[in-house]
Amino acid sequence: MKTVNTSPFDDQKPGTSGLRKQTCHFQQPDYLENFVQSIFFAMANSDESCAGKTLVVGGDGRFFNLQAIQTIVKMAAANGFSKLLVGKNGILSTPAASLLIRKYKTDGGIILSASHNPGGENGDFGIKYNTPNGGPAPEKVTDAIYKNTLSISEYKITEYDDIDLSVPGIISLDKLNVEIIDSVVDYTEMMQEIFDFDLMKKGVADNTLSLCFDAMHAVTGPYAQEIFINQLGINQENVINAKPLPDFGGGHPDPNQAHAKELTDIMYSASDINTSPDLGAASDGDGDRNMILGKQFFVTPSDSLAIMTANLSEIKAYKSGISGVARSMPTSQAADKVAEKLGIPCYETPTGWKFFGNLLDDNKITLCGEESFGSGSNHIREKDGIWAVLFWLNLLAIKKQSVKDIVTAHWATYGRHYYARHDYEAIDTDAANKLMETLRNSLPDIKSKTLGNYTIKEACDFSYTDPIDGSVSEKQGIIIQLSPDSRIIFRLSGTGTQGATLRVYLEKYETDISKQSLDTTQVLQTLAELSKSIADIANLTGRAEPDVVT
Ligand code: VG1
Ligand code: CO
């Protein structure tokens with residue numbers, strides 16, 4: 001064991017989901033080590049060692065994943081850990097890591113991923129710590145880790161050789177046992193407990209149920225192979241881009257219609273709509289996001305959450321009922337309408353899964369989701385891509401209706417929330433901060449303004465008080481509430497690695513059934529223009545149009 005002198009980096013503050021930087025930034029000497037040691041200090045016993053502690057370690061397979069794991073193993077040995085559970089070949093999807101932490105009751109886990117950000121030598125890398133409940137560390141823990149990064153002066157590491165991560169089994173490094181584990185087995189078992197595999201298998205066998213899944217060359221490939229192909233009998237060629245690659249095949253592993261283009265083409269371009277699959281789905285770099293498509297039909301993630309909430313009791317594991325639902329603030333209010341009807345609470349949290357943890361632990365909610373293609377339940381403490389795909393597949397098998405019919409029937413009952421997110425990417429950080437500050441300062445004047453057909457009913461800066469531990473998170477985004485029933489929300493991304501990304505969320509509620517099948521872009525056109533003028537976007541950022549619309 002050796003103790004290495006080091007000095008702090010001033011840019012290791014975790015964002016929405018851990019620390020994310022360009023890969024080359026992570027590769028500089030001591031950068032990863034400093035952050036890992038800062039996590040270990042935050043986990044440590046009173047003597048600053050991690051003696052006797054256990055940890056899950058794995059990542060989404062992107063470039064630098066394997067080297068980072070070898071470093072973490074050597075540092076864990078030096079810090080006194082007694083056991084590590086490491087994903088075979090360094091691979092663990094984020095939901096699988098959450099499951100392993102919970103199932104094997106470890107003291108937490110380290111997940112190496114930059115999720116939907118591109119990977120490779122010129123892409124991004126990331127690291128985050130999950131607590132013993134299996135969920136992303138809450139702000140008080142990430143604040144403690146950040147504080148440690150600012151005062152660190154040394155880290156501990158051993159000089160063992162790299163270990164072989166390819167064969168499941170136990171490797172002993174003196175007091176540390178490293179168990180290499182194939183998480184596909186545990187994860188598949190959990191999915192079988194939640195969903196009706198026999199029913200789905202039958203539908204696939206008699207050709208009444210079909211799926212095309214795009215793993216985007218990211219982490220879900222092996223899980224999809226076992227669950228969709230081996231267990232449910234889906235054809236090999238209907239699981240596309242299934243091989244995890246360190247650079248995701250040069251793609252951008254973000255499951256939306258722009259980046260999962262191959263899948264989107266399959267679902268939209270079949271000459272005969274009857275021959276295209278019933279369900280199209282994709283997942284992201286680390287397997288926690290999902291996109292749901294029907295035949296020539298896109299389901300917004302916000303609608304997906306609402307539909308899951310309305311139909312939850314149809315699914316095997318949730319027959320005993322639902323305690324409540326939660327959505328992140330910018331997510332559309334579709335789930336709220338369902339909660340109202342079911343007579344259950346609907347919580348509105350800041351962006352990021354870490355805010356759902358307490359609500360799930362306290363059984364205040366059974367389901368939760370975000371507009372950014374994330375949904376999940378109390379089965380783990382992360383959003384879960386494959387789980388969401390199985391939810392829809394199981395629902396289709398039960399209802400024997402198309403995705404489009406399920407969604408339009410839902411709108412007819414609850415109203416439709418037209419929804420879009422406009423991202424202005426990699427803008428100048430100072431300009432972005434100035435834009436938010438200017439908006440914040442203008443809130444008192446914005447109220448009661450009239451813009452076109454819209455009146456501003458309320459304008460505020462979202463602040464959240466956790467109902468379990470009372471912790472307060474401020475400045476979580478500007479909400480402009482309009483009449484007729486619409487919202488515009490502004491916030492800055494906390495996962496980007498270059499400059500700042502401004503996210504503008506647009507939402508319009510429509511109860512008139514004859515107006516529920518219009519074109520989203522057209523319906524939201526006026527709100528989009530309003531968003532640009534309210535925040536003076538072109539003037540302050542130099543961008544007239546968003547880079548990405550989802
Ligand atoms: C984005 C999404 C947020 C999500 C986060 C992590 O954060 O908006 O909803 O929880 O990514 O997702 P931000 O701060 O960039 O808006 V993942 O799949 O990248 O772990
Ligand atoms: Co992700």
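## A kinked helix

In this predicted model, helix H15 bends by about 30° at arginine 440, shortly before proline 444; the bend is the angle between axes fitted to the seven residues ending there and the seven starting there.

Serine 448, which follows H15, has a positive phi near 65°. The buried residues (under 20% relative accessible area, 1.4 Å probe, protein chains only) of H15 include Leu435, Leu439 and Arg440.

## The cobalt site

Ser115 (OG) and the OD atoms of Asp284, Asp286 and Asp288 coordinate the cobalt ion (ligand 2) at 2.0 to 2.1 Å. Donors are N, O and S atoms within 2.8 Å of the metal (3.2 Å for Na, K and Ca). Aspartate 286 and aspartate 288 are both buried.

## Ligand 1

Among the 20 residues around ligand 1 (a heavy atom within 4 Å), those that come nearest include His116 and Thr495. Oxygen atoms of ligand 1 lie 2.6 Å from a side-chain N or O atom of serine 493 and 2.5 Å from a polar side-chain atom of threonine 495.

## Conventions

Residues are numbered from 1 along each chain, while chains are lettered from A and ligands numbered from 1 in the order written. Local features need pLDDT of at least 70 and side-chain atom pairs 80 or more, whereas totals for chains, interfaces and linings use all residues; side-chain values use heavy atoms, without hydrogens and water.

Conventions. Helix = DSSP H or I, 4+ residues; strand = E, 2+ residues; numbered from the N terminus. Buried < 20%, exposed > 50% of the residue type's maximum accessible area, 1.4 Å probe, protein only. Polar contact = N/O pair within 3.5 Å; in protein donor to acceptor, adjacent residues only side chain to side chain.
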